[in-house]
Each structure stands twice: as C-alpha cells, then as structure tokens.
Amino acid sequence: MLEIYEMPGHLVRRLHQAAVSLFMDETGKRGFDLTPVQYAALAAIQTRPGLDQATLASHIAYDRVTIGGVVDRLVQKDLVRREISSTDRRARELYMTDKGLKTLEEIRPLVRQMQETLLEGLDADEKERFVTLLRKAADAVNDRSRAPLKMS
C-alpha cells in the first residue's frame, strides 16, 4: 500500500473533497446557489452583523485577498449588503439581507444533515471523538496556516 493512504494530510484532503462535493450536489439539487465558503461567510455575518471583510476572513479562516470575491458574489445574489462604517468611512460593514437570512434559515438543516452524511461511517461516539480530535489538530497548527482562524 502506498504510504500516502496513511498520511493525515491526504486523508483530510479526500474528506474535504467529499465534503465539498456533497455540499454542492445537495444544495444544488434544492436550488441553492452557494459554495461552502459562501455558506460559512453568511453564518459568520449573521453571528456578527457589521463585521468588515478582513474580520470576516479571519473568522472563517479564509484568505483576506480572496474574501472580497466571496463577498462580491453574496452581494450580487442579494444575500449580503455592504454599508459604510459610521466610525471609518473607508471601511465597509457587512449585513445580511432578508433574502440572506431566509436562505440561511432554509439551508441550515440541510447543511447539518450533510455533516451527518459525511461521517456516516462512524458511530455516534466516534463522530464526537473525531470532531474533537479534528478541532484539536487544527487548533494546534492554526498559526501555520496561510489563513489562520482568529475569533477575536
């Protein structure tokens, strides 16, 4: 057996491929036009209305350079709106639109179900332990990422 089949990086990549494919297939079948990153952005904006793009990028561990394109697409889809900050005229604050809130409310149960499907090969205890270990491993190398997660 090739050694790559036992490497965590290879296995994480394969699981990520399956997660993205599952997300795109299942959401597309139900008429949603969102990517996993766009979903994460919507969820973060809902949690912290008024955050700026740089903060959004850090809250979803996404590259600051390309987050603008993600936000542009969400604005074009009328899911998010930008407003000029009252404290810094150069900054743009992000808010959900009514359509964005409705979309997030409708898609959230589907996303939860997809998470179950993604780990269907594990029993309940294994799922909980797996997610705990994934979080622990990701947190341990967070600062080595090109787009570290920052929740401050």
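**Aromatic rings**

Analyst: Searching the whole structure turns up one aromatic pair. The model is a predicted one, in which local features need pLDDT of at least 70 and side-chain atom pairs count only at pLDDT 80 or more, while totals for chains, interfaces and linings use all residues. Residues are numbered from 1 along each chain as its sequence is written, and side-chain values use heavy atoms, with hydrogens and water left out.

User: How is an aromatic pair described, and which rings form the pair here?

Analyst: In general, the distance of the centres and the angle of the planes describe a pair of aromatic rings. Rings of Phe, Tyr and Trp (its six-membered ring) pair if their centres lie within 6.5 Å, and planes under 30 degrees apart count as stacked, over 60 as edge-to-face and the rest as tilted. Here the ring centres of Phe23 and Tyr39 are 6.1 Å apart and their planes stand at 55 degrees, so the pair is tilted. Distant parts of the chain are linked by this pair, with Phe23 in helix α1 and Tyr39 in helix α2, 16 residues apart; helices (H or I, at least four residues) and strands (E, at least two) are DSSP runs, numbered from the N terminus.

User: Are Phe23 and Tyr39 buried or exposed?

Analyst: Both Phe23 and Tyr39 are buried, where buried means under 20% relative accessible area, exposed over 50%, and partly exposed in between (1.4 Å probe, protein chains only).

User: How should I read the salt bridges, and how many are there?

Analyst: Side chains of opposite charge can pair when their charged atoms come close. The rule asks for a side-chain nitrogen of Lys or Arg within 4 Å of a carboxyl oxygen of Asp or Glu, and by this rule the count comes to eight salt bridges. One of them joins Glu106 and Lys102, at 2.8 Å from N to O; being four residues apart in helix α5, these two are separated by about one helical turn. Glu106 is partly exposed, with a relative accessible area of 41%, whereas Lys102, at 51% relative accessibility, counts as exposed. Elsewhere, salt bridges that share partners join Glu26, Lys29 and Arg30 into one network.

User: Finally, which helix gives the most to the lining of the largest pocket?

Analyst: A pocket is an open set of points on a 1 Å grid over the protein atoms alone, where a 1.4 Å probe fits, with protein on both sides within 12 Å along at least five of seven lines, and lining residues have an atom within 4 Å of a point. The largest pocket is lined by 37 residues, of which His16, Ala19, Gln115, Leu118 and Leu134 lie nearest its centre. Helix α6 gives the most to this lining, with eight residues.
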